[in-house]
Structures are given as C-alpha cells and as structure tokens.
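Please examine the sequence and the model together.

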Amino acid sequence: MERGGDNGLISEEERRNFNPSTLFLFESHKATCKMDNDVLTYNQSQTDVSGEICHALAKLIDEHLAGAESKIWHAHPVWFLDGNPIVGYSKLKAGVRLMFWSGASFEEDKLTSGTGKFKDASVLYTAVEEINAPDVIRWLDKATKIQWDYKNLVKRKGKLERLK
C-alpha cells in the first residue's frame, strides 16, 4: 500500500506519530527514493537516535547502490543486487549495525568481520554523527564489485563461492 497518498510523503496521522527530530529526514528521503515502503516503515518505527541513523544509512544506500532492490528480509532492511544480499542494517541494543554480506573481503579496518562462517563484516553506530559518508560510499562501491554468492548458498549446501 502506498504511504501518504500521491505526493509520496507521509500522511497527517503518521506525521503526528512521527519523531519530530527525524521527520524532515524521512520526508525528504521518501520524496526522492525508490525504497520499499516496508523499509521506510521500519525506519520510522525506530526511536530517536536509531531512527536518525537508519534514515541516514537508507539515504546513502539508495543514492549509491544503483539498481538495488530493498525489502525487509529476516525482519531487517536489506538491499539486493540480482537477488544476492549486499547490505543491510538492524537495530541492536548497542546501536544500529550496518552489515555488508561480503564485507570481510573488502579489507577495511573499520569493518569488523562476523563469526568467520560467512564473509560478512559490519560497523556499529550509536549516533548519526558517527556515520562517515565517504567510508559508507566506498564500502557500497566495493559491495558491487566484491560479492559472495549468498543467493545460492542453500543450493550449494552451505558452500560460498565468490561471484566474478
């Protein structure tokens, strides 16, 4: 269902329930993005600081990950290229975690590798000011060039292969 009618902005009812500190970010992003409405709803449902972080990350990802499809996947916003998960974020107790599915292969000091079972790496944000846009843009660029095939992980019985 389209949110906010034909103008693409949020409705008056949603506006009354929205956190005032993130209202502008949300409306300006909604007016220009092609993101899935469920992702926007996820962002809107976050608290003050987490909402600001989610909106800022979504805006960066939308602007710099051309051709990606966004949706809620396993209860969190995720962007896919050709059905392969590339980047997503989730609200944790400690902050908002930005995760790149193939991030362990990016060779970036600021990204922390996951458990080692997969090729994921992430960074945790506790304030919107911590987001370094040039870092995120560089990681998004690497995410388009360095991909592990998560889309076919089940078909390959848990074996990851790097896409060329």
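Among contacts in the protein between residues at least 6 apart in sequence, what percentage join residues at least 24 apart? With contact taken as heavy atoms within 4.5 Å, the share is 50%. The model is predicted, so local features need pLDDT of at least 70 and side-chain atom pairs count only at pLDDT 80 or more, whereas totals for chains, interfaces and linings use all residues. Residues are numbered from 1 along each chain as its sequence is written, and side-chain values use heavy atoms, with hydrogens and water left out.

The protein contains five helices and eight strands. These elements are DSSP runs numbered from the N terminus, with helices being H or I of at least four residues and strands E of at least two. Their order from the N terminus is α-α-α-α-β-β-β-β-β-β-α-β-β. Of the 164 residues, 48% are buried; buried denotes under 20% relative accessible area, exposed over 50%, and partly exposed the range in between, with a 1.4 Å probe and protein chains only.

The interior can be described through its nonpolar cores, each a set of buried Ala, Val, Leu, Ile, Met, Phe, Trp, Tyr and Cys residues joined through side-chain atoms within 4.5 Å. The largest has 29 residues, and V87, Y89, L98, F100 and Y125 make the most contacts inside it. At least two residues of this core come from each of α3 (37-44), α4 (48-64), β2 (76-81), β3 (84-92), β4 (95-100), β6 (121-125) and α5 (133-145). The greatest contribution, seven residues, is that of α4. Apart from this core lies another of eight residues, including V78, M99, W101 and L160.

Helix α5 has 13 residues, which should span 18 Å at 1.5 Å a residue; the end C-alpha atoms are 19 Å apart, in agreement. The expected span is 1.5 Å times one less than the number of residues. Its buried residues are D135, V136, W139, L140 and A143. Because they cover an arc of only 135 degrees around the axis, they lie on the same side of α5; the arc is that of the directions from the helix axis to the C-beta atoms. These buried residues pack against α4, β3, β4, β6 and β7 (147-148). The face turned away from the buried side carries the exposed residues P134 and K145.

The axes of α3 and α4 come within 8 Å and cross at roughly 150 degrees. Axes are lines fitted to C-alpha atoms, for helices over the stretch in contact, and angles run from 0 to 180 degrees between N-to-C directions. The crossing makes α3 roughly antiparallel to α4, a term for angles over 145 degrees.

Methods
Angles under 35 degrees count as roughly parallel, over 145 as roughly antiparallel, 65 to 115 as roughly perpendicular and the rest as oblique.
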